[in-house]
Amino acid sequence: MNSSLLTLFAVPKAFTGDMAWIQGNAIASWTKLNPRPDIILMGQDRGTAEIARELAVEHVPDIETSEFGTPLMHSIFQKAEACTNTPWLGYINADCMLLADFSHAMKLLQSELARHAIPEFLLSSQRVEIDVRKSIDFSASNWQADIVTEVNERGVLDHKTAIELFLFSRGLFKDIPPFAIGRPCWDNWMVWFAWHNKTAVIDATEAFRVVHQCHDYSHVAGGWRKTRQGEEAQRNVILAQGRFMSLDIACTHVLNTTGLFPGRTPDRGMRDTLVKRRLERGLEEFNRGRYSEALDYFDDALSRSGSLAVQSVHLVRALCLDKLGLREEAVAALKDELASFPDNVQALQFLEKLTEA
């Protein structure tokens, strides 16, 4: 791979709270790739222009947004293609780090695409989540080794529906609907689009990992529920028209450390471990008095849990909702708790207190 082969582009959120160092870690890691790809940061959220100058990457401030100010995916991809002439482009969420294994995979991919005579492709990798709590010192010689150790020892694989990186050949994506970024369905629509157009869909999980840093949703007014259930989320679902696929289902080829092969790899997403991690972070935020952030983690955990019932989650959600002045929602949460665990005395007492008030 050379520096004129690939452009990475991203739309950072405002650099406030935890998102300041989470995104700083991610973007800085891209600049340490060898060779370094071209990098474009897009949008006008707070801190984007400043970090672009600091890291000597391109900044494209003007992209289309919804009436709520949320960047729209069709504009993001159009502007990225217009601002660069590299044959490959890669959209990546600004909370994800890339390491040396990514660079090795790109070099291998270049030769393997030529060997297989594949003209167009879409590539992604199953994300692995770690819990980073500070800015990384990229001047330290062992920064990357420390992250690799964290990934190997405590990293948790998410499901292959959760896609953070889209690396693709120039010109692949046309007529993208005006999906709102950070809301459901758009990422799985992109996978469907490539598959539907008989493009090679490559799963590179065995070649490199996209390292996602765990976070809450305090960067969005309304938190997790707004991103997953709000008006823009519903609009994305309508725009997708049921056309979405996970990486493992759409996959036509697998890239590992030795080459590119037809086939697919199974989804080994660690649901129960992710649920446990979200619950632990939620309790931690609750004990710190950060009730909105705690609610994000609890709601995220419940969305992943399926039929897995976890005692007292709705009780603690109710405590958060009550602290946030959302009494009716707190009552509904307590009723959910008692529906699954009717002997939860604390939930029953709290429900009586709220309904008597």
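This is a predicted model: local features need pLDDT of at least 70, side-chain atom pairs count only at pLDDT 80 or more; totals for chains, interfaces and linings use all residues.
Q: Do S5 and S11 run parallel or antiparallel?
A: Two bridges join S5 to S11. Methionine 97 stands opposite valine 211 in S11. The two strands run antiparallel.

Q: How many aromatic pairs does a search of the whole structure find?
A: A pair needs ring centres within 6.5 Å. With that cut-off, the search of the whole structure gives a total of 17.

Q: Is the pair of phenylalanine 102 and phenylalanine 208 stacked, tilted or edge-to-face?
A: The centres lie 5.1 Å apart, with 85° between the planes. Planes over 60 degrees apart count as edge-to-face. Both residues are buried. The pair is edge-to-face.

Q: How many residues apart are phenylalanine 102 and phenylalanine 208?
A: Phenylalanine 102 sits in helix H4. Phenylalanine 208 is in the loop between strands S10 and S11. The pair links distant parts of the chain, 106 residues apart.

Q: Which parts does the pair of phenylalanine 173 and phenylalanine 193 tie together?
A: This pair is tilted, at 5.8 Å centre to centre and 35° between the planes. Both residues are buried. Phenylalanine 173 lies in the loop between strand S9 and helix H6, and phenylalanine 193 in helix H6, so the pair ties together that loop and helix H6.

Technical notes
Residues are numbered from 1 along each chain as its sequence is written. Side-chain values use heavy atoms; hydrogens and water are left out. Rings of Phe, Tyr and Trp (its six-membered ring) pair if their centres lie within 6.5 Å; planes under 30 degrees apart count as stacked, over 60 as edge-to-face and the rest as tilted. Helices (H or I, at least four residues) and strands (E, at least two) are DSSP runs, numbered from the N terminus. Buried means under 20% relative accessible area, exposed over 50%, partly exposed in between (1.4 Å probe, protein chains only). Two strands pair if DSSP finds at least two bridges between them.
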